[in-house]
Amino acid sequence: MKLCGGFHPDYCVKVQSKGETIYYFVCFGCHEMKAYAGKIELYADLTDEGYDALRELLTPYVDQRPALELPPPPPPPEEFNNANQTE
């Protein structure tokens with residue numbers, strides 16, 4: 001089991017050839033890749049060589065990735081609010 005927090009792709013590479021489309025989702029944190037072509041799905045670990053090659057190939061496109069937008073933090077639990085009230 002990997003301790004990276006689960007598959008979270010950093011990049012999607014779309015390849016079209018002869019009327020077929022394949023989507024490759026690459027996760028550098030997990031060193032994994034998922035590929036989808038129609039109803040076919042492939043899930044694989046990247047070799048060290050594959051990881052290095054993809055990192056070198058995709059890093060120049062980092063500025064085209066969507067900005068990381070974190071949701072606002074949740075409000076504190078009601079018990080916390082009640083404990084801090086003065087009477």
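Author: A residue is called buried when its relative accessible area is under 20%, exposed when that value is over 50%, and partly exposed in between. The model we are looking at is a predicted one.

Reader: Thanks, that helps. Why is Phe25 called partly exposed, then?

Author: The relative accessibility of Phe25 is 26%.

Reader: Which residues does Arg65 touch beyond its neighbours within four places in sequence?

Author: With those neighbours left aside, Arg65 is in contact with Asp10 and Tyr11. The C-alpha atoms of Arg65 and Cys12 are 9.7 Å apart, although 53 residues separate the two along the chain.

Reader: Let's step back to the whole chain. Which elements does the protein chain have, and in what order?

Author: There are 2 helices and 4 strands. Starting at the N terminus, the elements follow as β-β-β-β-α-α. Of the 87 residues in the protein chain, 15% are buried.

Reader: How do you know that β2 and β3 are paired?

Author: Pairing asks for at least two bridges between two strands. Strand β2 (residues 20–27) and strand β3 (residues 32–37) are joined by 5 bridges, so they pass, and they run antiparallel. Tyr23, for instance, stands opposite Tyr36 in β3. The hairpin of β2 and β3 has 4 residues between the strands, and His31 there takes a positive phi near 60°.

Reader: And what makes β3 and β4 a pair?

Author: The bridge count again: β3 and strand β4 (residues 40–45) share 6 bridges in the antiparallel sense, and at least two are needed. Ala35 stands opposite Leu42 in β4, and Met33 has Ala44 as its bridge partner in that strand. This hairpin has 2 residues between its strands, with Gly38 in the turn at a positive phi of about 60°.

Reader: Now the rings. How many aromatic pairs does a search of the whole structure find?

Author: The search finds 4 aromatic pairs. One of them is Phe7 with Tyr43, with ring centres 6.1 Å apart and planes at 65°.

Reader: What makes that pair of Phe7 and Tyr43 edge-to-face?

Author: Two tests apply. Ring centres have to lie within 6.5 Å, and planes over 60 degrees apart count as edge-to-face. With 6.1 Å and 65°, the rings of Phe7 and Tyr43 meet both, so the pair is edge-to-face. This pair links distant parts of the chain, 36 residues apart: Phe7 is in the segment before β1 and Tyr43 in strand β4. Phe7 is partly exposed at 24% relative accessible area, and Tyr43 is partly exposed at 45%.

Reader: How do you know which class the pair of Phe25 and Tyr36 belongs to?

Author: The centres of these two rings are 5.7 Å apart and the planes stand at 75°, so Phe25 and Tyr36 are edge-to-face as well. Phe25 lies in strand β2 and Tyr36 in strand β3, so the pair ties together parts that are 11 residues apart in sequence. Tyr36, at 28% relative accessibility, counts as partly exposed.

Reader: Last one: what makes a group of residues a nonpolar core, and which residues form the largest one here?

Author: The largest nonpolar core has 8 residues: Tyr11, Val26, Phe28, Met33, Ala35, Leu46, Tyr51 and Leu58. At least two core residues come from β3, and at least two from α1. Tyr11, Phe28 and Tyr51 also form one aromatic cluster. With neighbours within four places in sequence left aside, the contacts of Val26 include Tyr11, Met33 and Leu46.

Technical notes:
Residues numbered from 1 in each chain as written. Predicted model: local features only at pLDDT ≥ 70, side-chain atom pairs only at ≥ 80, totals over all residues. Heavy atoms only, no water. Contact = heavy atoms within 4.5 Å. Buried < 20%, exposed > 50% of the residue type's maximum accessible area, 1.4 Å probe, protein only. Core = buried A, V, L, I, M, F, W, Y, C linked by side-chain atoms within 4.5 Å. Phe/Tyr/Trp six-rings, centres within 6.5 Å; stacked < 30°, edge-to-face > 60°.
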